[in-house]
Structure formats: C-alpha cells, structure tokens
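Let's take a friendly walk through a protein model. Have the sequence and the 3D view open side by side as you read.

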Amino acid sequence: MKFCDRPFKFMWVARRFDGSEQPMTVPCAWLNISGLEDTDLTKNSVEEIWNSETFEKVRESIKDGSFRYCNCVTCPFLANDSLPDLSEEQFKIVTVKKEIPSQFNLAFDRKCNHACPSCRHSIYKNTEKVQREVEIIGEKLLPYLNKADYINSNGQGDFFASKENLDIFRRLKPENPNFELSIETNGTLFDEKHWKQIEHLSQYEIFVNITPNSFERSTYAYLNGGFDLLEKLEENLHFVKKLREENKINRLNLIAVVQDTNVKEMPAFIDKCIDVYHADEVTVRPIYKWNYLTADEHWFKNVSNPLHPYHQYYLDMLNSDAMKRKEVYSWGCEVMQPQEHPAYVYRTMTDILSKIMMISDLEERLNRYFMDRQIEELYLYGTDSVGQAIESVFRRPSVHVRCKEVLCREKINTYESTEKDVILVTNFYNFEPIQRDFELREFKGKLIRLDDLIRDLSDGDNNE
C-alpha cells in the first residue's frame, strides 16, 4: 500500500494564491485543497487545525489509497512514483497521527528581495493586515517549533529577506537533539552577516536549498526580475561551499526551474553546480503555473510542452550527459501532454458558444437527449464563461433535467460520488486532466463532455 506520512506529522503554513492573501495551514504544499476557514492560523490554534476536518479528510485519502486531494503533477513523490509501498501491518502502524505536528514548512511570509517573473510581477511587500498576521502566526508557532524534529523555510519568499522569519530562527531553541532545518533561499543574502544570526543552529542537521536558475549574467538578471546580483550570488555560493566543507551545514542542493530563457544553459549549469560549488544535489524541475503566473505567461515559459517552439532544447537537456550525473534529481521533468496556447482555448470557447446559440429549440433537444438516457439530474463541472452560460440554460424552467450543483476543482475535494452521478464537463478543452482528477478520487458515475453533447444535439440540424 502506497503511503505518504505528511498528513500525519506535517504542517504547511502558507497563504492562498487567489489574491485574498488569506492564511492557510494544510498538510502539504502539493494538494488541491486550500483556504478553508478551519485552516486559518490567525483564527484557530495549532491543535484545532491539526484536528480539523480538512486535515482529517486528507488523512483519510491516504488511508483509503485514493490520494484524491493530491496534485500528482507538482508532488515530486507522486511524479517520480517514489512513495514507499508498505505491508498492511506496517500501514496500520504509520497511519496514526501524532498528538501535535512534528514537522513544519513555514511559508506564511512572502517577502523576497527578488521579483522572479515565474513567481511574482514586482517586489512583494506586506500590507499592514498581512504584516500583523505574520507576527501573530510566528508567535503562535514558536512553542511548537521548539518541539519539532524538522522545519523547512521559506518556499514562498526568501529565508533571509523576512525579518520576522529570521527572528523565529534567532529565538529557536530545539528540544530535539536530532532536529533538522531546511533553508530555501535565492542565495544573495546568504552571507556571513546573515549566517551569524542562525549559526547557533549549526549543531543540528542543516540542509540548504539555493535557486540560482542561471549563471549567465543576462539570463540570471532576467529570471530575478532585473536584479543583477550575480557576483554577490557567486561570492555567497563560495561561502556556503565553505560551510559545507566545514560540516556547519550538512547538505547543499542547488535548484533550477527550467524555462524558455535558461533551458539551453542547463547542462553547463548542472556541471558548474557540481564541479565548482560541490553541490550534493542539483534539482531540475519544469515550471509550474503557480502564484500569479498567467496562463499566457506560463505557456511561453513552459518548454516541457511539446508544442513550445523551444521544446527541442528541452529534449536535448533531458538527453544530455549532465542530466545523467548521479547528483541530479529530476522533479517531474518528463514531457507533458501537448498544450495549445491559451488563445486557442479562447477560440474554442467562442466556437462552442456560437454552436449552442445556433441550435434551434435547444431546450426541447436537451430534454429529449437526457430523457432518452433516463437522466433526471446532473452536476456541471466548470465555472468559466462557457460554464456560466450552460448553467443559465439548465436553470431555465423549460429544461427538465435538474442541475444539482456546479463543481470546480476545489469543490470535488469534498464531493462524494455515487454510481448514478452524471457530470457535464463544460470546460471540455481540459477534459483529460479533469478526468484524471476524478479517477484519482475513484469517481463512480459518468462524465459527459460538453462538445460531445453539443455535437449530438446539432445532428438533427445537420441531417435535415
């Protein structure tokens, strides 16, 4: 039985990505679930969140083997199929949650001294409200962090750029002699001055993760939002290398997010990470659509897409000798399914709406279609403009099939299916990943693509 231990010992303390900046605390960063009221650490205690409905549902999804809340693309363990496979007896032992979490990922302060285009559009600054929340969350967490056996910080900002984050670790006094700390930083602030503030933790295991992304000046500056700090970065990397040689840190991982601007440099980048900076590991991963990256921006950056004009460079990278070095860790670098530019999606949406408008006696044909299939009620999946238009049609009194609910990706986390359920997928242009999401959640009913439905409804006109 496949097992992930995160929901049973781990807390990811972060913020939502929908623009609300609402605090959220969930079992893992790679979940399709977020932003629920019972996950807000400014309103709830650590224990309340740990025992909340949200955490329990994720634990149940591991116990029943469905992993229905997990994002199998962004999770490196699912992407690489590296989760442990346990016996039934072992599984029963490990699927018991701890009394309080023992592992934390602190990502609730997004302050950073860079403005990487893959992450944000400008230097991030906390509003007064967010700043108060950062301080409240830090104070609530500190007693638990002292008891923790592992802490990671900060995947949403820079470890050293946040004064509040640094203050937590200056005050940190781990009670566990086997305590481990994992630091995530872009490296430009990892100098002797900043190291002195956390040097008391060097008696414990420290893992350092630095994201240079490039060692070519123009590329490096672009990928960091125009900040040309390459000399400072390389000076600091030599400093960190020295800390590694002195065993003041225990592991050095250098990371590259592969995209259109750095893909051709990757083999040389990997070699330099290993040969010059003696990295224990070099993590190479494709760019995911996260934070405030638009669909258009992501398409142009995502060279793992076979339809990208630079995709051949990506294939060259995957087949390079550098990628075969034992220090390289591929985080989901397999070639993705072809993905058209978003403009094609907008055209597809417009075309389907035009076809719907051209169908004569639409309501009558819908009634006949579903009556012939003995379908009296259904769910709609999709909330974009097409989904809204279709919902308005099914809300008309003249349409007899009843729309029970409009679902989206977040809602299906709490949706329990039955064999009788019928779901009409209105954003059919993303049907394959939607179908995969439902399969992961052991969907028992039937999915209907909107374009298939409209084609069937239009057949009468075509045959006349």
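## A histidine and its neighbours

The side chain of His-194 reaches the backbone oxygen of Leu-189 at 3.0 Å. That is a polar contact, meaning a pair of N or O atoms within 3.5 Å; within protein, one must be able to donate a hydrogen and the other to accept it, and residues adjacent in sequence count only if both atoms are side-chain atoms. His-194 sits in helix H8, residues 192-196. Helices (H or I, at least four residues) and strands (E, at least two) are DSSP runs, numbered from the N terminus.

Is His-194 buried or exposed? His-194 is buried, with a relative accessible area of 12%. Buried means under 20%, exposed over 50%, and partly exposed in between, using a 1.4 Å probe and protein chains only. Leaving out residues up to four places away in sequence, His-194 touches Phe-160, Leu-166 and Leu-189, where contact means heavy atoms within 4.5 Å.

## How the model is read

This is a predicted model, in which local features need pLDDT of at least 70 and side-chain atom pairs count only at pLDDT 80 or more, while totals for chains, interfaces and linings use all residues. Residues are numbered from 1 along each chain as its sequence is written, and side-chain values use heavy atoms, with hydrogens and water left out.

Most residues other than glycine have a negative phi, and most peptide bonds are trans. Here are some spots to look up in the 3D view.

The peptide bond from Ser-153 to Asn-154 is cis, with omega near 5 degrees. Asn-154 belongs to the loop between strand S4 (150-153) and helix H7 (163-171).

Phe-67, a residue other than glycine, has a positive phi near 50 degrees. You can find Phe-67 in the loop between H3 and H4, and Phe-67 is buried, with a relative accessible area of 9%. Gln-374 is not a glycine either, yet its phi is positive, at about 55 degrees. Gln-374 lies in the loop between H15 and strand S10 (377-381) and is exposed, with a relative accessible area of 75%.
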